[in-house]
Amino acid sequence: MLVDCHTHVWLADSQLTPEFCREAQLMRTTPIDMTCTPEQHWAELGSQVAKAVVLAFESVHLGLSVGNDFVAAYCRQHPGRLFGFASVDPHWADPVAELERAKHDLGLVGLKMAPVYQGIHPLDERCLRIWAAAERLGLPVLFHQGTTFPRRAPLKYAHPELLEDVALAFPDLKVWIAHWGHPWEEETIVLIRKQPNVYTDLSGLWYRPWQYYNILRLAQEYQVLHKCFFGSDYPIATPAATAAGTRAVNDILEGTKLPRVDLDQLEAIIARDALAVLEIEA
Ligand SMILES: [Zn+2]
(Lines give C-alpha, C1' and ligand atoms only; values in the text may rest on other atoms or scores of the structure.)
Protein backbone atom coordinates (compact mmCIF):
# COMPACT_ATOMS: atom_id res chain seq x y z
CA MET A 1 0.00 0.00 0.00
CA LEU A 2 1.14 3.47 -0.88
CA VAL A 3 1.55 6.66 1.11
CA ASP A 4 0.50 9.50 -1.17
CA CYS A 5 1.84 12.85 0.00
CA HIS A 6 0.06 14.96 -2.62
CA THR A 7 -3.67 14.66 -3.37
CA HIS A 8 -6.41 17.18 -4.03
CA VAL A 9 -10.10 17.28 -3.34
CA TRP A 10 -12.42 20.05 -4.47
CA LEU A 11 -15.78 21.03 -5.85
CA ALA A 12 -14.72 22.18 -9.30
CA ASP A 13 -17.88 24.20 -9.96
CA SER A 14 -17.76 26.33 -6.83
CA GLN A 15 -14.18 26.22 -5.49
CA LEU A 16 -12.25 26.52 -8.76
CA THR A 17 -12.91 28.76 -11.76
CA PRO A 18 -13.89 27.80 -15.33
CA GLU A 19 -10.68 29.49 -16.50
CA PHE A 20 -8.56 27.35 -14.16
CA CYS A 21 -10.26 24.11 -15.27
CA ARG A 22 -9.83 25.06 -18.92
CA GLU A 23 -6.15 25.98 -18.52
CA ALA A 24 -5.51 22.78 -16.54
CA GLN A 25 -5.95 20.84 -19.77
CA LEU A 26 -2.48 22.10 -20.76
CA MET A 27 -0.98 19.60 -18.31
CA ARG A 28 -1.67 16.40 -20.22
CA THR A 29 -2.22 15.41 -23.81
CA THR A 30 -5.31 13.48 -22.74
CA PRO A 31 -8.35 15.29 -21.27
CA ILE A 32 -8.25 15.73 -17.49
CA ASP A 33 -11.45 15.36 -15.53
CA MET A 34 -11.14 18.05 -12.88
CA THR A 35 -14.11 16.89 -10.84
CA CYS A 36 -12.73 15.55 -7.62
CA THR A 37 -15.31 15.44 -4.83
CA PRO A 38 -14.58 13.77 -1.49
CA GLU A 39 -16.72 10.80 -2.62
CA GLN A 40 -14.70 10.40 -5.83
CA HIS A 41 -11.42 10.89 -4.00
CA TRP A 42 -12.21 8.13 -1.53
CA ALA A 43 -13.66 5.75 -4.12
CA GLU A 44 -10.48 6.09 -6.18
CA LEU A 45 -7.82 6.34 -3.50
CA GLY A 46 -9.31 4.34 -0.65
CA SER A 47 -8.24 1.08 -2.29
CA GLN A 48 -4.82 2.33 -3.40
CA VAL A 49 -3.36 4.14 -0.41
CA ALA A 50 -2.62 3.35 3.19
CA LYS A 51 -2.39 7.05 3.94
CA ALA A 52 -2.84 10.21 1.89
CA VAL A 53 -2.23 13.91 2.40
CA VAL A 54 -5.27 15.94 1.30
CA LEU A 55 -4.61 19.56 0.42
CA ALA A 56 -6.62 22.72 0.92
CA PHE A 57 -5.78 25.48 -1.54
CA GLU A 58 -6.25 29.24 -1.35
CA SER A 59 -5.47 31.81 -4.04
CA VAL A 60 -7.07 35.25 -3.92
CA HIS A 61 -5.01 36.11 -7.01
CA LEU A 62 -6.65 33.41 -9.15
CA GLY A 63 -10.01 33.27 -7.37
CA LEU A 64 -9.55 29.70 -6.04
CA SER A 65 -10.65 28.58 -2.59
CA VAL A 66 -10.59 25.00 -1.36
CA GLY A 67 -11.12 25.77 2.29
CA ASN A 68 -9.66 24.34 5.47
CA ASP A 69 -13.07 23.44 6.92
CA PHE A 70 -13.97 21.51 3.76
CA VAL A 71 -10.75 19.47 3.82
CA ALA A 72 -10.94 18.89 7.57
CA ALA A 73 -14.55 17.65 7.36
CA TYR A 74 -13.54 15.07 4.74
CA CYS A 75 -10.42 13.91 6.57
CA ARG A 76 -12.40 13.42 9.77
CA GLN A 77 -14.39 10.72 7.97
CA HIS A 78 -11.26 8.57 7.53
CA PRO A 79 -9.05 9.06 10.59
CA GLY A 80 -5.63 7.50 10.33
CA ARG A 81 -5.96 7.29 6.53
CA LEU A 82 -6.36 10.92 5.45
CA PHE A 83 -4.20 13.78 6.70
CA GLY A 84 -5.45 17.28 5.93
CA PHE A 85 -3.15 20.15 5.07
CA ALA A 86 -4.39 23.71 5.53
CA SER A 87 -3.90 26.56 3.10
CA VAL A 88 -3.86 30.30 3.77
CA ASP A 89 -3.38 33.28 1.49
CA PRO A 90 -0.65 35.76 2.41
CA HIS A 91 -2.90 38.62 1.25
CA TRP A 92 -5.42 37.91 4.01
CA ALA A 93 -5.44 40.26 7.00
CA ASP A 94 -4.50 37.51 9.47
CA PRO A 95 -3.43 34.23 7.87
CA VAL A 96 -1.56 33.23 11.03
CA ALA A 97 -4.77 33.20 13.09
CA GLU A 98 -6.35 30.94 10.47
CA LEU A 99 -3.33 28.64 10.54
CA GLU A 100 -3.59 28.34 14.31
CA ARG A 101 -7.31 27.59 14.01
CA ALA A 102 -6.58 25.00 11.30
CA LYS A 103 -4.20 23.18 13.58
CA HIS A 104 -5.91 23.48 16.95
CA ASP A 105 -9.60 23.48 16.01
CA LEU A 106 -9.63 21.53 12.74
CA GLY A 107 -6.82 19.06 13.37
CA LEU A 108 -4.99 19.83 10.14
CA VAL A 109 -1.37 18.67 10.23
CA GLY A 110 0.47 20.69 7.58
CA LEU A 111 0.28 23.61 5.20
CA LYS A 112 0.04 23.81 1.42
CA MET A 113 1.41 27.03 -0.10
CA ALA A 114 1.98 28.19 -3.65
CA PRO A 115 3.50 31.64 -4.08
CA VAL A 116 3.25 31.24 -7.86
CA TYR A 117 -0.53 30.73 -7.69
CA GLN A 118 -0.88 33.33 -4.97
CA GLY A 119 1.02 35.98 -6.91
CA ILE A 120 3.51 36.83 -4.19
CA HIS A 121 7.26 36.50 -3.60
CA PRO A 122 7.99 33.78 -1.01
CA LEU A 123 10.28 36.22 0.83
CA ASP A 124 7.64 38.96 1.06
CA GLU A 125 7.02 40.04 4.67
CA ARG A 126 3.45 38.74 4.40
CA CYS A 127 4.86 35.28 3.65
CA LEU A 128 7.62 35.34 6.24
CA ARG A 129 5.09 35.64 9.07
CA ILE A 130 3.42 32.47 7.76
CA TRP A 131 6.68 30.49 7.55
CA ALA A 132 7.52 31.59 11.10
CA ALA A 133 4.10 30.44 12.33
CA ALA A 134 4.38 27.08 10.54
CA GLU A 135 7.77 26.51 12.13
CA ARG A 136 6.45 27.46 15.57
CA LEU A 137 3.33 25.26 15.16
CA GLY A 138 5.34 22.30 13.82
CA LEU A 139 3.43 22.24 10.53
CA PRO A 140 5.36 20.94 7.51
CA VAL A 141 4.82 22.95 4.33
CA LEU A 142 4.25 21.58 0.86
CA PHE A 143 5.33 24.26 -1.58
CA HIS A 144 4.20 24.32 -5.16
CA GLN A 145 7.52 25.90 -6.15
CA GLY A 146 7.89 25.32 -9.87
CA THR A 147 5.96 26.29 -12.96
CA THR A 148 2.23 25.87 -13.40
CA PHE A 149 -0.27 26.31 -16.19
CA PRO A 150 -2.39 29.41 -15.37
CA ARG A 151 -1.45 32.31 -17.59
CA ARG A 152 -1.59 34.75 -14.69
CA ALA A 153 0.65 32.71 -12.33
CA PRO A 154 3.97 34.67 -12.36
CA LEU A 155 7.07 32.59 -13.12
CA LYS A 156 9.26 35.06 -11.22
CA TYR A 157 7.85 33.69 -7.95
CA ALA A 158 8.08 30.06 -9.03
CA HIS A 159 11.77 29.19 -8.73
CA PRO A 160 12.76 26.55 -6.15
CA GLU A 161 15.98 28.49 -5.47
CA LEU A 162 13.87 31.17 -3.73
CA LEU A 163 13.32 28.72 -0.87
CA GLU A 164 17.00 28.68 0.07
CA ASP A 165 16.57 31.81 2.19
CA VAL A 166 13.39 30.36 3.73
CA ALA A 167 15.27 27.19 4.71
CA LEU A 168 18.10 29.22 6.25
CA ALA A 169 15.81 31.64 8.10
CA PHE A 170 13.57 28.86 9.47
CA PRO A 171 15.92 25.92 10.03
CA ASP A 172 13.37 23.78 11.90
CA LEU A 173 10.67 24.21 9.25
CA LYS A 174 10.16 20.99 7.29
CA VAL A 175 9.21 21.64 3.67
CA TRP A 176 8.95 19.80 0.42
CA ILE A 177 8.83 21.03 -3.14
CA ALA A 178 6.14 19.50 -5.34
CA HIS A 179 6.96 17.91 -8.69
CA TRP A 180 10.76 18.23 -8.30
CA GLY A 181 10.21 21.97 -8.88
CA HIS A 182 9.90 21.36 -12.63
CA PRO A 183 11.22 22.60 -15.00
CA TRP A 184 13.89 23.74 -12.53
CA GLU A 185 14.72 20.29 -11.22
CA GLU A 186 18.43 21.22 -11.13
CA GLU A 187 17.64 23.99 -8.61
CA THR A 188 15.59 21.57 -6.53
CA ILE A 189 18.29 18.90 -6.61
CA VAL A 190 21.05 21.23 -5.37
CA LEU A 191 18.75 22.76 -2.76
CA ILE A 192 17.57 19.49 -1.19
CA ARG A 193 21.13 18.16 -1.27
CA LYS A 194 22.33 20.76 1.20
CA GLN A 195 19.23 21.76 3.17
CA PRO A 196 18.45 18.96 5.63
CA ASN A 197 14.76 19.82 6.08
CA VAL A 198 13.93 20.37 2.40
CA TYR A 199 12.51 17.45 0.42
CA THR A 200 10.65 16.98 -2.87
CA ASP A 201 7.91 14.82 -4.40
CA LEU A 202 7.69 13.09 -7.76
CA SER A 203 4.01 13.72 -8.45
CA GLY A 204 2.71 14.89 -11.80
CA LEU A 205 5.75 14.09 -13.93
CA TRP A 206 5.68 10.48 -15.15
CA TYR A 207 3.50 11.31 -18.19
CA ARG A 208 6.45 13.28 -19.63
CA PRO A 209 8.75 10.23 -19.86
CA TRP A 210 11.91 11.87 -21.19
CA GLN A 211 11.80 14.69 -18.65
CA TYR A 212 10.96 12.24 -15.87
CA TYR A 213 13.87 9.97 -16.76
CA ASN A 214 16.27 12.92 -16.83
CA ILE A 215 15.06 14.27 -13.48
CA LEU A 216 15.47 10.92 -11.73
CA ARG A 217 18.79 10.14 -13.41
CA LEU A 218 20.24 13.52 -12.43
CA ALA A 219 18.89 13.15 -8.89
CA GLN A 220 20.57 9.74 -8.70
CA GLU A 221 23.91 11.21 -9.79
CA TYR A 222 23.61 13.90 -7.10
CA GLN A 223 22.54 11.20 -4.61
CA VAL A 224 19.32 12.85 -3.51
CA LEU A 225 16.70 10.22 -4.38
CA HIS A 226 16.37 9.44 -0.67
CA LYS A 227 14.84 12.92 -0.23
CA CYS A 228 11.97 12.29 -2.63
CA PHE A 229 8.45 11.44 -1.46
CA PHE A 230 5.83 9.49 -3.37
CA GLY A 231 2.75 11.45 -4.49
CA SER A 232 0.21 11.40 -7.29
CA ASP A 233 -1.26 14.92 -7.58
CA TYR A 234 -4.69 13.24 -7.79
CA PRO A 235 -6.95 13.94 -9.76
CA ILE A 236 -4.21 14.77 -12.29
CA ALA A 237 -3.05 11.14 -11.94
CA THR A 238 -3.78 8.21 -9.64
CA PRO A 239 -1.29 6.72 -7.18
CA ALA A 240 -1.36 3.40 -9.06
CA ALA A 241 -0.59 5.05 -12.39
CA THR A 242 2.17 7.09 -10.76
CA ALA A 243 3.80 3.98 -9.30
CA ALA A 244 3.56 2.19 -12.66
CA GLY A 245 4.95 5.19 -14.53
CA THR A 246 7.84 5.40 -12.08
CA ARG A 247 8.69 1.70 -12.40
CA ALA A 248 8.68 2.13 -16.20
CA VAL A 249 11.06 5.08 -16.25
CA ASN A 250 13.87 3.14 -17.97
CA ASP A 251 11.63 1.67 -20.67
CA ILE A 252 12.39 4.46 -23.16
CA LEU A 253 16.09 3.52 -23.01
CA GLU A 254 15.62 0.12 -24.61
CA GLY A 255 18.23 -0.42 -27.31
CA THR A 256 20.50 2.33 -25.92
CA LYS A 257 23.47 2.42 -23.57
CA LEU A 258 22.12 5.39 -21.64
CA PRO A 259 22.48 5.05 -17.86
CA ARG A 260 19.53 3.45 -16.08
CA VAL A 261 17.83 4.82 -12.99
CA ASP A 262 18.42 2.40 -10.14
CA LEU A 263 15.18 0.45 -9.67
CA ASP A 264 15.92 -0.32 -6.02
CA GLN A 265 16.05 3.39 -5.24
CA LEU A 266 12.77 3.92 -7.12
CA GLU A 267 11.12 1.13 -5.11
CA ALA A 268 12.38 2.83 -1.96
CA ILE A 269 10.60 6.04 -3.01
CA ILE A 270 7.40 4.15 -3.81
CA ALA A 271 7.58 2.47 -0.38
CA ARG A 272 8.51 5.68 1.47
CA ASP A 273 6.19 6.95 4.17
CA ALA A 274 6.48 10.73 3.85
CA LEU A 275 4.32 11.20 6.94
CA ALA A 276 6.77 9.21 9.03
CA VAL A 277 9.72 11.18 7.65
CA LEU A 278 7.89 14.40 8.52
CA GLU A 279 6.96 13.00 11.94
CA ILE A 280 3.22 13.48 11.33
CA GLU A 281 1.10 11.19 13.47
CA ALA A 282 -2.58 10.40 13.24
ZN1 LIG B 1 -1.02 19.42 -6.78
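At what angle do helix 5 (residues 95-104) and helix 7 (residues 125-137) pack, and how far apart are their axes? The angle is about 25 degrees and the axes lie 9 Å apart, with axes taken as lines fitted to C-alpha atoms, for helices over the stretch in contact, and angles running from 0 to 180 degrees between N-to-C directions. Please keep in mind that this is a predicted model, in which local features need pLDDT of at least 70, side-chain atom pairs count only at pLDDT 80 or more, and totals for chains, interfaces and linings use all residues. Residues are numbered from 1 along each chain as its sequence is written. Helices (H or I, at least four residues) and strands (E, at least two) are DSSP runs, numbered from the N terminus.

- An open sheet of eight strands runs in the order 1-2-5-6-7-8-9-10, with parallel pairing; two strands pair if DSSP finds at least two bridges between them.
- Strand 1 and strand 10 are at the edges with a single partner strand each, so one side of each has no neighbour in the sheet.
- Strand 1 (residues 2-8) pairs with strand 2 (residues 49-55) in the parallel sense over five bridges, and V3 stands opposite K51 in strand 2.

**Helix 5 and its surroundings**

- Helix 5 and helix 7 are roughly parallel to each other because of their packing angle (under 35 degrees counts as roughly parallel, over 145 as roughly antiparallel, 65 to 115 as roughly perpendicular and the rest as oblique).
- Their crossing is right-handed, a label used when the near helix is turned clockwise from the far one by less than a right angle, with anticlockwise giving left-handed.
- P95, V96, L99, E100 and K103 in helix 5 meet R129, I130, A133, A134 and L137 in helix 7, where contact requires C-beta atoms, placed from the backbone, within 7 Å.
- The residues of this contact divide into seven nonpolar, no polar and three charged (Ala, Val, Leu, Ile, Met, Phe, Trp, Tyr, Cys and Pro are nonpolar, Asp, Glu, Lys and Arg charged, and the others, Gly among them, polar).
- A102 lies in helix 5 and counts as buried because it has 28 C-beta neighbours inside 10 Å.
- Leaving aside residues up to four places away in sequence, A102 touches N68, A86 and L108.
- A102 and A86 are 16 residues apart in sequence, yet 6.3 Å apart in space, C-alpha to C-alpha.

**Backbone features in the loops**

- H179 is found in the loop between strand 8 and helix 9, with a positive phi of about 55 degrees although it is not a glycine; H179 is buried, with 24 other C-beta atoms within 10 Å.
- W180, found in the loop between strand 8 and helix 9, has a positive phi of about 55 degrees and is not a glycine; W180 is buried, with 29 other C-beta atoms within 10 Å.
- P235 is found in the loop between strand 10 (228-229) and helix 11 (239-247), and the peptide bond from Y234 to P235 is cis, with omega near 15 degrees.

Notes
Contact = placed C-beta atoms within 7 Å. Buried ≥ 20, exposed ≤ 12 C-beta atoms within 10 Å, placed from the backbone.
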